[in-house]
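Subject: Handover of a protein structure

Dear colleague,

Please find the structure below, handed over for your use.

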Amino acid sequence: MPTQQLDYFTSLVAEDEHLPLTEAAIAVAQHAYPDLDVQGVLDHLDQLGNKLKSRITPDTSPVQRLQILKHFFYIELGFGPNPNDFYAPENSYLHYVLENRRGIPISLAILMMELGNQIGLKIRGVSFPNHFMMRISLQQGEVIMDPLTGESLSKSQLQEMLDPYLDAKGYRGELSLPLNVFLRASSSREILSRFLRNLKMIYSEHDRWERLLGVQERLVILLPDSIEEIRDRGLIFAQLEYLRPALADMHRYLSESPEAEDAGDIREHIATLESQAKFH
């Protein structure tokens with residue numbers, strides 16, 4: 001384990017109040033790109049921010065600032081989705097997204113939020129189901145924007161996007177949840193956890209266990225109270241045959257969640273690993 005990088009990530013996410021979202025999101029990539037120069041990527045972003053700032057005067061209204069930002073980001077720089085390989089892990093790594101101008105909603109949103117912040121716009125992330133969104137407060141009201149295109153979405157468009165999720169979760173009839181529940185601004189920690197869980201899903205589907213472990217280590221650091229993330233790290237350790245840390249994580253999971261639905265499965269896992277450990 002490159003503990004220096006994990007220590008760095010730990011220091012970034014230690015406090016909610018001053019969590020530097022952009023820097024932490026860039027630093028996530030160090031598990032896959034150990035030589036990544038995080039400060040260099042931040043400098044690149046600042047250069048773009050300076051270019052943007054040169055087009056703003058104190059008299060530029062928030063609505064005009066947003067128009068200038070959208071034109072700069074989507075038209076001039078050409079940021080957008082990667083239609084050829086939407087689920088490639090690189091679309092989540094900000095240094096790659098900056099170079100190639102291709103990303104997924106959450107990675108594009110983090111860049112937009114950073115640039116917006118540099119020109120005095122308050123853009124916040126929204127963990128909308130299946131499609132990360134941005135929320136901008138203007139005098140005219142709240143705007144919900146699609147990070148892939150910069151398009152503002154109406155309530156009916158958002159409801160249409162939400163309905164399949166509500167159906168799949170059974171949130172219908174009396175259990176129906178109003179749209180506004182899904183449009184609240186997310187904290188930096190919530191955004192980062194969704195960012196990491198996207199990568200977790202991608203690497204899980206391709207059984208890339210070493211890469212997955214790098215992501216999972218950061219999830220455990222980011223969400224220290226989530227015992228499920230510790231369990232998942234234990235399962236990844238087991239796949240990589242790191243028996244001692246695997247057993248430590250699984251025992252900890254059972255001690256804190258003895259009644260968990262999967263407790264029986266985890267006990268079986270432990271028994272298998274302990275018998276393997278005897279032969280090592």
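Is Glu-241 buried or exposed? The model is a predicted one, and in it Glu-241 has a relative accessible area of 56%. Since the cut-off for an exposed residue is over 50%, Glu-241 is exposed.

The protein as a whole

The secondary structure comes to twelve helices and five strands. The radius of gyration is 21 Å, which agrees with the value near 19 Å that a compact globule of 280 residues would have. Along the principal axes, the C-alpha trace spans about 70 × 50 × 40 Å. Of the 280 residues, 49% are buried. Contacts between residues at least 6 apart in sequence were also examined, and 54% of them join residues at least 24 apart.

Helix H10 covers residues 227-239, which makes 13 residues. From its first C-alpha to its last it reaches 19 Å, close to the 18 Å expected at 1.5 Å a residue. Ten of these 13 residues are buried, so H10 is largely enclosed by the rest of the structure. The buried set includes the charged-type residues Glu-229, Arg-231, Asp-232 and Arg-233, and also Ile-227, Ile-230, Gly-234, Ile-236, Phe-237 and Ala-238.

Glu-241, with which this message began, comes just after H10. Its place is the loop between H10 and helix H11 (243-256). The phi of Glu-241 is near 65°, a positive value in a residue other than glycine. Most residues other than glycine have a negative phi.

Asn-130 is a further residue with a positive phi, about 65°, although it is not a glycine. Asn-130 lies in the loop between strand S3 (123-126) and strand S4 (133-138). At 68% relative accessibility, Asn-130 counts as exposed.

Helix H2 and Gln-30

Helix H2 (21-28) is mostly covered, with seven of its eight residues buried. Those residues are Leu-21, Thr-22, Ala-24, Ala-25, Ile-26, Ala-27 and Val-28. Which helices do the buried residues of H2 pack against? They pack against helix H1 (3-12), H3, helix H5 (94-100), helix H6 (105-118), helix H8 (188-205) and helix H9 (209-222).

Gln-30 is in the loop between H2 and helix H3 (38-53). Its relative accessibility is 7%, so Gln-30 counts as buried. Not counting residues up to four places away in sequence, Gln-30 touches Gln-5, Tyr-8, Leu-36, Val-38 and Arg-218.

Val-97 is found in helix H5. With a relative accessibility of 0%, Val-97 counts as buried. Leaving aside neighbours within four places in sequence, Val-97 is in contact with Phe-79, Glu-90, Asn-91, Arg-102, Gly-103, Ser-107, Leu-108 and Leu-111. Val-97 and Ala-109 are twelve residues apart in sequence, and their C-alpha atoms are 11 Å apart in space.

Asn-198 lies in helix H8. Its relative accessible area is 22%, and Asn-198 is therefore partly exposed. Apart from neighbours within four places in sequence, Asn-198 is in contact with Ile-104 and Ile-106. The C-alpha atoms of Asn-198 and His-131 are separated by 11 Å, while the two residues are 67 residues apart along the chain.

Asp-43 is found in helix H3. Asp-43 is partly exposed, with a relative accessible area of 37%. From C-alpha to C-alpha, Asp-43 and Asp-249 are 38 Å apart, and in sequence they are 206 residues apart.

Yours sincerely

Key. Residues are numbered from 1 along each chain as its sequence is written. This is a predicted model: local features need pLDDT of at least 70, side-chain atom pairs count only at pLDDT 80 or more; totals for chains, interfaces and linings use all residues. Side-chain values use heavy atoms; hydrogens and water are left out. Helices (H or I, at least four residues) and strands (E, at least two) are DSSP runs, numbered from the N terminus. The expected span of a helix is 1.5 Å times one less than its number of residues. Buried means under 20% relative accessible area, exposed over 50%, partly exposed in between (1.4 Å probe, protein chains only). Contact means heavy atoms within 4.5 Å. The radius of gyration is taken over C-alpha atoms; the globule rule is 2.2 Å times the number of residues to the power 0.38.
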